[in-house]
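Colleague: Please pick one part of this model and go through it closely, step by step. I would like to follow how the pieces pack against one another.

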Amino acid sequence: MPFFYLHSFVKLPAHIRYLAISSISRIDSETEMAAIVFRTCLEVTLKTLYPEYKAKNQYKKESTLEETTEDLYNRGILTKQIKEYCDIIRHNGNDAAHTGELQDYIATIIIAFVYVMEFCNKKF
């Protein structure tokens, strides 16, 4: 599925769709930044769809993205493939932020990102 299909994911809230599209636009010039924004977009999307993973107040710790995806998978909400795609996005976004390098080819990350966004678009 080509990345330009992100424009057609109209069920995603506008701010999430904009974040997804803006992250794709960074691929050529700022590859690591794109991976970081993919990760951010994934976390915002999942916590918008499933607000129980957001902090309820200043005293409750918000779930990490890893905890969120693991729990959603264990509850049967995420398929194994989507969970694996989420892990690719999370790992590469973390690595890009902390080491400035990516574990996987950017094409692998883009494919994972587009499939996860398509999955989430169907859930809204």
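Modeller: T45 counts as buried because its relative accessibility is 0%, and buried means under 20%. The model is a predicted one. Leaving out residues up to four places away in sequence, T45 touches L12, I16, M117, C120 and F124.

One of those partners, I16, belongs to the contact between α1 and α2, so that pair of helices comes next. Two packed helices are described by the angle between their axes and the distance between the axes. Helix α1 covers residues 14-24 and helix α2 covers residues 31-49. Their axes come within 9 Å of each other and cross at roughly 165°. Because of that angle, α1 is roughly antiparallel to α2; the cut-off for this term is an angle over 145 degrees. The crossing of α1 past α2 is left-handed.

The residues involved can be listed from each side. From α1 come H15, I16, L19, A20, S23 and I24. From α2 come A34, V37, F38, T40, C41, V44, T45 and T48. Sorted by class, this contact has nine nonpolar residues, five polar ones and no charged ones.

The loop between α1 and α2 holds R26. With a relative accessibility of 29%, R26 counts as partly exposed. Apart from neighbours within four places in sequence, R26 is in contact with T31, M33, A34 and V37. A34 and V37 are also among the α2 residues that meet α1. R26 and N121 are 95 residues apart in sequence, and their C-alpha atoms are 22 Å apart in space.

Helix α2 also packs against α4. The axes of α2 and α4 come within 8 Å and cross at roughly 130°. At that angle the two helices are therefore oblique to each other. Their crossing is left-handed. On the α2 side the contact uses E32, A35, I36, F38, R39 and L42. On the α4 side it uses C86, I89, R90, N92, G93, N94, A96 and A97. By class, there are eight nonpolar, three polar and three charged residues in the contact of α2 with α4.

F38 meets α1, and F38 also meets α4. In soluble globular proteins, nonpolar side chains tend to be buried together. Here the largest nonpolar core has 32 residues, and those with the most contacts inside it are F38, F113, V116 and M117. The elements giving two or more residues to this core are α1, α2, α3 (65-74), α4 (80-98) and α5 (106-123). Helix α5 gives the most, with nine residues.

With neighbours within four places in sequence left aside, F113 is in contact with L6, A20, S23, I24, F38, C41 and I89. V116 lies in helix α5. With a relative accessible area of 1%, V116 is buried. Not counting residues up to four places away in sequence, V116 touches L42, I82, Y85, C86 and I89. V116 and S63 are 53 residues apart in sequence and 19 Å apart in space, C-alpha to C-alpha.

D87 is buried because its relative accessible area is 16%, against a cut-off of under 20%. D87 and E66 are 21 residues apart in sequence, and the C-alpha atoms of the two are 7.7 Å apart in space.

Notes:
Residues numbered from 1 in each chain as written. Predicted model: local features only at pLDDT ≥ 70, side-chain atom pairs only at ≥ 80, totals over all residues. Heavy atoms only, no water. Axes fitted to C-alpha atoms, helices over the stretch in contact; angles between N-to-C directions. Helix = DSSP H or I, 4+ residues; strand = E, 2+ residues; numbered from the N terminus. Parallel < 35°, antiparallel > 145°, perpendicular 65-115°, else oblique. Left-handed = near helix turned anticlockwise from the far one by under 90°. Contact = heavy atoms within 4.5 Å. Nonpolar A, V, L, I, M, F, W, Y, C, P; charged D, E, K, R; others polar. Core = buried A, V, L, I, M, F, W, Y, C linked by side-chain atoms within 4.5 Å. Buried < 20%, exposed > 50% of the residue type's maximum accessible area, 1.4 Å probe, protein only.
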